[in-house]
Amino acid sequence: IFQPLHTLRNAEKELLPGYHQFEWQPALKNVSSSWDVGIIDGLSGWTTFVEDVPADTISRRFRYDVALVSALKDLEEDIMEGLRERGLDDSICTSGFTVVVKESCDGMGDVSEKHGNGPAVPEKAVRFSFTIMSVSIRVEGEDDGITIFQEPKPNSELSCRPLCLMFVDESDHETLTAILGPVVAERKAMMESRLIISVGGLLRSFRFFFRGTGYDEKMVREMEGLEASGSTYVCTLCDSTRAEASQNMVLHSITRSHDENLERYEIWRKNPFSESADELRDRVKGVSAKPFMETLPTLDALHCDIGNATEFYKIFQDEIGEVYQRSNPSREERRRWRSTLDKQLRNKLKLKPVMRMNGNYARRLMTREAVEVVCELVPSEERREALKRLMDLYVQMKPVWRSTCPSRDCPDQLCRYSYNSQQFADLLSTTFKYRYDGKITNYLHKTLAHVPEIIERDGSIGAWASEGNESGNKLFRRFRKMNARQSKTFEL
């Protein structure tokens with residue numbers, strides 16, 4: 001649907017929010033009860049005071065409840081089909097439906113027009129979107145809900161529905177929170193109410209659970225009031241410091257939560273025990289801003305891939321230069337090792353050097369084939385074996401946090417995960433000690449310490465990742481370019 005709104009046919013209008021009638025019981029707090037609401041200004045619902053500077057940005061969004069209704073109506077046939085498959089009589093099933101929604105939010109770099117004749121403006125955008133992950137129903141006499149719809153491709157841009165687009169830099173916390181404030185308020189109101197909507201010709205009632213898992217670490221830290229990712233508090237899931245995480249790589253459990261972050265922020269604000277800045281910071285474990293939006297502490301599979309590949313790339317460099325035998329190599333030497341590595345990867349694997357590690361490069365680099373190629377440059381046989389062992393363990397661990405359903409897709413690797421991560425950690429803390437003495441990267445810590453626990457809780461990490469939203473970013477860029485003013489230079 002890439003036509004202007006007024007030229008759309010009715011069949012197409014049905015797909016856009018604002019077409020279907022619905023009501024909430026009880027009515028949503030502070031949200032209008034009108035249902036025929038299409039695209040609204042992203043700044044509406046944000047009350048400004050006289051002395052406030054109006055937000056200098058363009059933003060458009062759908063009202064959250066209207067967008068959810070549209071998504072559910074889109075799945076109407078799947079829901080009815082699910083009821084039939086489970087042998088449930090649809091005329092009895094009118095209430096007890098539960099919908100689980102994955103929320104994603106991601107900033108995009110430069111989205112300025114590439115070929116207008118204006119000046120190049122550093123324009124950045126943020127997209128907030130949601131995916132309906134599953135619909136289940138609780139039948140009387142049954143304890144557990146019966147799943148009647150499960151999103152088969154939770155990471156496709158086709159299942160990822162945009163809710164809000166804003167031209168904002170994701171680091172501009174004030175503007176970002178001002179625009180997402182009303183979205184948060186609507187989401188909070190919906191959690192305390194039931195949606196009544198006609199599905200399959202009968203009115204049925206749905207309740208919603210929201211899980212904010214499609215955020216990269218930068219966004220999670222911003223939303224949850226934590227210090228930025230270079231902080232000594234290395235993890236968004238536990239309270240470990242970087243030094244502790246590099247000493248004890250595997251044994252950690254998830255302790256952080258949105259409510260706890262709010263409590264800690266209050267302590268940070270009030271300092272009830274009159275402690276010094278360092279003592280206070282240690283007490284609140286790096287929570288130094290007010291948590292704004294509830295995210296579910298998890299691990300973002302895509303950025304985990306990228307973070308770990310960056311780390312391996314650096315290990316490859318260090319191994320080519322035999323850093324384990326010497327301390328403080330010069331910048332020139334490092335640069336030389338890097339160009340040697342890039343040259344080798346380009347010649348043997350057709351991997352072009354990239355400025356910033358991206359998902360595709362990361363996937364190609366983290367293979368046994370790539371480590372074989374790198375080992376050709378490593379002088380010592382013993383180090384070559386260690387590198388191959390490291391990659392071998394990683395390749396076994398990776399499917400567990402990448403796959404949509406690990407217990408179905410890779411049960412053996414899932415069973416061996418804790419053992420493999422322990423082996424991996426042992427290798428890092430002995431053979432590669434020169435890199436992990438007192439420091440470890442955020443994603444590597446999470447990969448080693450938290451994966452089994454998250455999977456036990458959610459059943460999957462890959463399905464809850466931010467990939468669908470990232471793919472949507474690509475579409476956004478594409479349409480923005482197509483709709484941009486085409487350059488007139490060829491007419492001269």
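Modeller: Lys 446 has its charged end over the ring of Tyr 443, 5.2 Å from the ring centre. A charge sits over a ring if NZ of Lys or CZ of Arg is within 6 Å of the ring centre and within 35 degrees of the ring normal. Arg 383 likewise lies over the face of Phe 432, at 5.4 Å from the centre of that ring. The model is predicted, with local features needing pLDDT of at least 70 and side-chain atom pairs counting only at pLDDT 80 or more, while totals for chains, interfaces and linings use all residues. Residues are numbered from 1 along each chain as its sequence is written, and side-chain values use heavy atoms, with hydrogens and water left out.

Next come the ring pairs. Rings of Phe, Tyr and Trp (its six-membered ring) pair if their centres lie within 6.5 Å; planes under 30 degrees apart are stacked, over 60 edge-to-face, and the rest tilted. Across the whole structure, twelve aromatic pairs are found. In one of them, Tyr 64 and Phe 130 have ring centres 5.8 Å apart and planes at 40°, so this pair is tilted. Tyr 64 belongs to helix α2 (residues 64-74) and Phe 130 to strand β5 (residues 125-137), so the pair ties together parts 66 residues apart in sequence. Helices (H or I, at least four residues) and strands (E, at least two) are DSSP runs numbered from the N terminus. Tyr 64 is buried, at 0% relative accessible area, and Phe 130 is buried at 1%. Buried means under 20%, exposed over 50%, and partly exposed in between (1.4 Å probe, protein chains only).

Tyr 64 and Phe 130 also belong to one aromatic cluster with Trp 24, Phe 128, Phe 208 and Phe 210.

Finally, the cavities. A cavity is a set of points on a 1 Å grid, over the protein atoms alone, where a 1.4 Å probe fits but cannot get out; lining residues have an atom within 4 Å of a point. The lining of the largest cavity has 14 residues, with Tyr 215, Val 220, Thr 236, Thr 298 and Asp 300 nearest its centre. At least two lining residues each come from β9 (202-215), α5 (217-223) and α16 (442-449), and β9 gives the most, with three.

Notes: 1 Å grid on protein atoms, 1.4 Å probe; cavity = no way out; pocket = protein on both sides within 12 Å on 5 of 7 lines; lining within 4 Å.
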